Amino acid sequence: MTIVDIGIPKRLVEFTVDGAPVRVPEGSTILDACTAAGKEIPTLCYGDTLEPANACRVCMVEVEGSRTLVPSCSRKAEPGMVVHTDSERTRISRKVVLELLGSATDLSTTPDVDRWMAETGAEPSRFGPDAATVAQPAIVDNELYVRDYEKCILCYKCVDACGEQWQNSFAITVAGRGFDARISTEFSNPLPDSACVYCGNCVEVCPTGALSFKREYDKREDGTWDESRQTATTTVCTFCGVGCNLTLHVQDNEIVKVTSPHESSVTHGNLCIKGRFGWQHVQNR
Amino acid sequence: MDLKLLDAVASREEEEAVAGFAGGGRDQLLPALHAVNDRVGWLSQGALNLICETLHVPPADAYGVASFYSLFALAERPERVVHVCTDLACRVNGAETVCEVLTEHVGAAGKARGGVTWLRSPCLGVCERAPAALAFQAGDPATTELVAPATGASAVLAAQRAPSASDGAPPLLHQKDGLRLLRRVGVVDPSSLDGYRATGGYAALRTALRMGEAAVLREVTDAGLLGRGGAAFPTGRKWAATAAQPAGPHYLVCNADESEPGTFKDRVLLEGDPFALVEAMTIAAFAIGARQGYVYLRGEYPRALRLLRNALAVCRERGYLGVDIMGHEGFSFDIEIRRGAGAYICGEETAIFNSIEGFRGEPRTKPPFPVEKGLFGKPTVVNNVETLVNVPLILTEGAAAYRAIGTEASAGPKLFCLSGNVERPGVYEVPFGTTLRELLALAGGVPEGRSLRAILLGGAAGGFVRPDELDLPLTMEDARAAKTTLGSGVVLVLDDLADLGGFLLRIAEFFRDESCGQCVPCRIGTVRQEEAIRRVLAAGSEERPLLREVGGVMRDSSICGLGQTAWNAIESAIDRLGALR
């Protein structure tokens with residue numbers, strides 16, 4: 001028998017999205033409501049297992065009566081709210097925000113972004129060839145995962161996952177400010193000297209590939225990473241008795257990455273070093 | 001939380017600086033960083049490690065906080081640093097010449113030579129004596145010397161010898177008659193509580209205690225006091241909403257992080273009449289039910305810090321702060337000063353909370369608003385210094401009399417900071433509704449032989465006004481109707497010789513420097529804005545459509561007011577002055 005936690009009964013909030021009435025449980029965000037209604041609002045920094053940082057500003061919508069646009073990922077639906085997800089203002093904002101990101105950051109491994117760029121008509125190159133970027137070499141200072149900060153959009157998800165929201169390791173932070181703001185250890189010391197416990201939960205939540213597993217990074221470098229040839233199988237971790245779900249990503253009969261289902265009530269997508277990285281023994285043939 | 005600390009060890013000096021913080025929590029992080037930076041001049045890995053161990057803060061977090069503030073150095077830096085203001089008013093008054101002379105005699109900015117280095121600084125808040133420089137010497141105790149107005153020679157001298165521990169001259173007022181807010185400045189000894197009381201000080205608190213909390217709230221609401229920090233929110237409504245919150249404790253925060261370039265009115269109040277702020281905060285605390293208040297004071301105001309510290313100590317000694325204030329049983333309140341460390345964004349009402357709590361000074365998402373969840377997640381009132389200093393006036397004069405000053409929608413007296421190409425720069429107090437022309441006349445207009453080119457009203461986040469618009473009455477409503485803002489009261493005057501392009505570029509640089517970096521439109525948008533202005537100035541290219549689009553999205557989609565206003569002044573220069581074409 002499966003016990004499903006249905007929680008405390010919630011009142012329904014009625015409001016309007018793009019002219020259509022919507023009813024959602026109290027506490028839902030505008031993004032929740034739109035997702036439930038099958039409407040896509042692009043977002044990059046939204047983490048389904050994390051508190052919204054609402055830093056990327058890709059998911060901005062127009063709420064009548066509000067001076068500025070509002071982030072749909074964090075704004076709770078209120079009764080009578082009138083929301084427009086596809087107005088002239090939201091389209092321009094989405095286009096320019098994507099252009100700003102694309103002009104400063106390498107988005108080549110960010111899922112969906114090419115499609116959104118095409119849909120909005122974004123042209124990051126219009127800021128000219130001399131536009132400042134965050135280009136820098138990738139940091140490979142351990143055998144488990146790689147930090148490629150020219151792909152980092154500063155969504156704060158890795159910091160939140162490493163810190164008080166999940167892992168409580170507090171190994172990384174946002175340092176500096178403005179365009180110089182960056183994800184860093186203390187004094188930019190190498191990861192092995194930091195408080196990192198290699199749970200890989202930061203990699204799990206990274207939306208752009210700025211953090212990637214070493215295996216994936218190496219295979220991308222030598223051109224052998226091919227998601228179309230991969231299968232994903234969810235199983236149970238055998239290292240201890242907790243029973244975490246592991247999703248094994250297998251390419252050419254070889255495990256290339258381990259993730260965990262975000263909807264799992266045991267892990268919520270999080271794992272420890274053993275579950276995340278301890279799979280080499282499976283394929284020592 | 002198990003901390004993994006760094007291997008690095010603190011020096012004896014660093015240990016001494018941190019010793020006083022034993023038993024403290026994370027909210028002591030900013031003071032602890034100051035203590036080491038003041039003592040040694042920079043923050044080593046060993047010092048940071050010791051701070052983290054003492055306050056139980058993860059090293060990465062502490063590094064993220066320390067690297068947020070421009071006054072802290074995380075690489076070895078000489079004990080003596082000269083900060084040269086190159087911001088708007090100083091720029092107009094020859095700051096670049098000071099920089100050139102320093103480069104020639106002391107070396108390039110940021111390069112250590114002979115135990116000293118000099119740095120370009122955002123607005124130091126002494127625009128009436130521009131250009132300004134602030135010399136800092138680490139030690140026990142650290143000393144500072146404000147050099148204003150600075151010349152190349154005096155700046156070089158400040159770099160070559162230990163600071164004379166002068167925190168600058170007392171504020172000078174050119175205006176003598178009809179003053180309310182400024183009536184004690186330059187007249188009454190700002191270090192003397194008796195002097196303050198002899199000129200009516202603490203009569204307002206006595207009145208407030210007699211009236212009771214509800215009546216104070218009503219009086220402030222009826223007076224129509226609007227916040228003077230730039231947003232012009234009704235103060236009475238803010239107080240009443242906080243007072244009504246069931247969650248406790250309630251907090252009061254005085255925003256004295258006056259960092260808007262061209263603004264120095266709060267400094268003049270703090271330096272000239274610090275007891276008035278203490279009394280005003282005590283009244284506010286009584287009305288909203290707060291036992292603890294904070295003054296978040298910008299790190300670059302040494303004189304204000306000294307006088308405010310003195311005022312708090314004297315008030316505690318004499319029963320004007322602490323338990324059962326003025327004999328009123330059950331009313332306890334105290335105030336702590338928090339020094340900022342060089343971050344304009346910390347003037348944003350929610351960034352202040354993060355900064356005080358020991359986190360990076362990034363703004364929080366609203367809602368929830370501070371009246372509901374503010375400092376330490378509790379109901380909080382944040383008021384600017386000038387706003388608070390109006391409160392004793394309201395209680396002594398009465399709401400009706402106060403309301404009779406100014407206009408229906410903008411009640412009371414207002415302080416304006418005149419700087420730039422103006423005969424007598426300084427803070428001027430006028431009733432709301434005075435025209436810009438009258439205000440300019442008070443300050444003597446542009447220097448003889450020059451003509452007015454434009455006025456930047458409201459600061460870097462404000463807008464330009466043309467010479468043919470001088471009949472604008474200075475009220476919140478008239479400014480709004482004229483599509484500009486009074487902001488924090490900046491009136492920065494540019495004459496016909498001013499380099500408008502360079503001035504706009506400095507505004508763009510300012511926002512790029514001061515963006516916290518949290519959201520994309522502001523973090524990257526301010527960089528693209530500056531790049532586009534550089535291209536116009538260098539090559540005359542057409543960048544207005546791009547500027548408009550980026551500026552519009554910064555305004556529409558940034559998290560806080562910094563990004564939302566980063567394009568205001570530049571847009572108004574394009575639209576009203578025909579700039580950048």
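Colleague: What is B:Tyr69 in contact with, leaving aside neighbours within four places in sequence?

Modeller: Contact means heavy atoms within 4.5 Å. B:Tyr69 is in contact with A:Arg177, B:Leu30, B:Tyr296, B:Ala341, B:Gly342, B:Ala343, B:Cys346, B:Ser355, B:Phe359 and B:Gly361. This is a predicted model: local features need pLDDT of at least 70, side-chain atom pairs count only at pLDDT 80 or more, and totals for chains, interfaces and linings use all residues. Residues are numbered from 1 along each chain as written, chains are lettered from A and ligands numbered from 1 in written order, and side-chain values use heavy atoms, without hydrogens and water.

Colleague: Which residues touch the most other members of the largest nonpolar core?

Modeller: B:Tyr69, B:Trp239, B:Leu277, B:Phe464 and B:Ile507, out of 192 residues. A nonpolar core is a set of buried Ala, Val, Leu, Ile, Met, Phe, Trp, Tyr and Cys residues joined through side-chain atoms within 4.5 Å. Buried means under 20% relative accessible area (1.4 Å probe, protein chains only).

Colleague: Which helix gives this core its largest share?

Modeller: H13 of chain B, residues 274-288, with 12 residues. Helices are DSSP runs of H or I, at least four residues, and strands are E runs of at least two, numbered from the N terminus.

Colleague: New topic. Why is strand E3 of chain B largely enclosed?

Modeller: Five of the five residues, 133-137, are buried, so the rest of the structure largely encloses E3.

Colleague: What does E3(B) pair with over five bridges, in the antiparallel sense?

Modeller: Strand E1 of chain B, residues 80-85. Pairing takes at least two DSSP bridges between two strands. B:Val82 stands opposite B:Ala135.

Conventions
Buried < 20%, exposed > 50% of the residue type's maximum accessible area, 1.4 Å probe, protein only.
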